[in-house]
Amino acid sequence: VMRRHRGHKKGPGHHAAEAHLRPAVARRRARMAKMSPPELIKFKKKMHEKRMKRKAAIRAARKANKGKHKKHRGKGLKHLAKRLERMMASSSAGEEEYPETGVAAWERLKKGNARFVKGELISFLANIAMEANPEARAALTTGQHPYATIITCSDSRVSPELIFDEGLGELFIIRVAGNVIDDIALGSIEYGVEHLHTPLLLIMGHQSCGAVTAAMDTEAEHEGPIGEILEEIKDACVEAKKKGLGEKETLDCAIQMNVKNTHKAILAESDICKELAASG
């Protein structure tokens, strides 16, 4: 739409510009051109009043909507809180007792993983709601009482709190690439099972493990700290290749054997873990 600026006099191209105006505007201008001066003043005054009424209506609508949004936001938060309470009440997660034995701890982990697979993160959402409360967070600073010690890979895709549907203070986790152990990791494991008295020690491998995949090239010589990790995993890869399986199946087999080797190493190198395992 071409508009004529204030102070701009009508030139030769004025009529050509009007041809591009919207039909309603063109008709209004045609009417105004036929009006007498008194009629034109009256018409402009009427148009001005209409504009003022329209602006006032817009301001009133915005003010009313602003209040509604605030009111709706408050209702939405209350509705979400009530819905979460209902979900917790109807879920087995809200009825679970805190595990005192390894068997009970394992069963709780399996149930949490089942909820994760289904997308029902009930207790995880409940923990987030609790941890958003400053008093609840302060309570966690006085001590921790996890029910499971978990050694797992550093891979960003296998966070135990998420895949087992748990929150703060419930899992004692040691993460290292390839879930291999050294003296430092072993010390953390012993702290979990002896000092924190977790009834369960879980060694968790995972599919598509990058550390095991890299160690599958058993003929290569790996150097530096990363090389030390791969050397720990290499024995599992060698044994898996002897099975004569396909490439993917061989990798999966190596991942499983690496977990078993870590289990053997813990029992062989830690008298504390060996004694606790023997006592059940």
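Figure 1. I150 has L202 as its bridge partner in strand 3. The model is a predicted one, in which local features need pLDDT of at least 70 and side-chain atom pairs count only at pLDDT 80 or more, while totals for chains, interfaces and linings use all residues. Residues are numbered from 1 along each chain as its sequence is written, and side-chain values use heavy atoms, with hydrogens and water left out. Strand 1 and strand 3 run parallel and are joined by five bridges; two strands pair if DSSP finds at least two bridges between them. Strands (E, at least two residues) and helices (H or I, at least four) are DSSP runs, numbered from the N terminus. Strand 3 spans residues 200-204, and four of its five residues are buried. Buried means under 20% relative accessible area, exposed over 50%, and partly exposed in between, with a 1.4 Å probe and protein chains only.

**Figure 2. Surroundings of T152.** T152 belongs to strand 1, residues 148-152. T152 counts as buried because its relative accessibility is 0%. Its side chain reaches the backbone oxygen of M204 at 3.1 Å. A polar contact is a pair of N or O atoms within 3.5 Å; within protein, one must be able to donate a hydrogen and the other to accept it, and residues adjacent in sequence count only if both atoms are side-chain atoms. Not counting residues up to four places away in sequence, T152 touches V158, P160, I173, I174, R175, V176, N179 and M204, where contact means heavy atoms within 4.5 Å.

**Figure 3. The largest nonpolar core.** This core has 17 residues, and those with the most contacts inside it are C209, V212, I233, C237 and A254. Helix 9 (210-215), helix 10 (224-241) and helix 11 are the elements that give two or more residues to it. A second, separate core has 14 residues, including I181, I189, L196 and A265. A nonpolar core is a set of buried Ala, Val, Leu, Ile, Met, Phe, Trp, Tyr and Cys residues joined through side-chain atoms within 4.5 Å. Leaving out residues up to four places away in sequence, C237 touches V212, A215, M216, T218 and A254.

**Figure 4. T250 in helix 11.** T250 is placed in helix 11, residues 247-269. T250 counts as buried because its relative accessible area is 8%. A polar atom of the T250 side chain lies 3.3 Å from the backbone oxygen of L245. Apart from neighbours within four places in sequence, T250 is in contact with M216, A240, K241 and L245.

Figure 5. The structure holds zero disulfides, a disulfide being a pair of cysteine sulfur atoms within 2.5 Å. For C153, the nearest cysteine sulfur is that of C209, 4.2 Å away. C153 is buried, with a relative accessible area of 5%. For C253, the nearest cysteine sulfur is that of C237, 9.7 Å away. C253 is also buried, at 14% relative accessibility.

**Figure 6. The chain as context for the close-ups.** The chain has 12 helices and three strands. Of its 280 residues, 31% count as buried. Among contacts between residues at least 6 apart in sequence, 61% join residues at least 24 apart.
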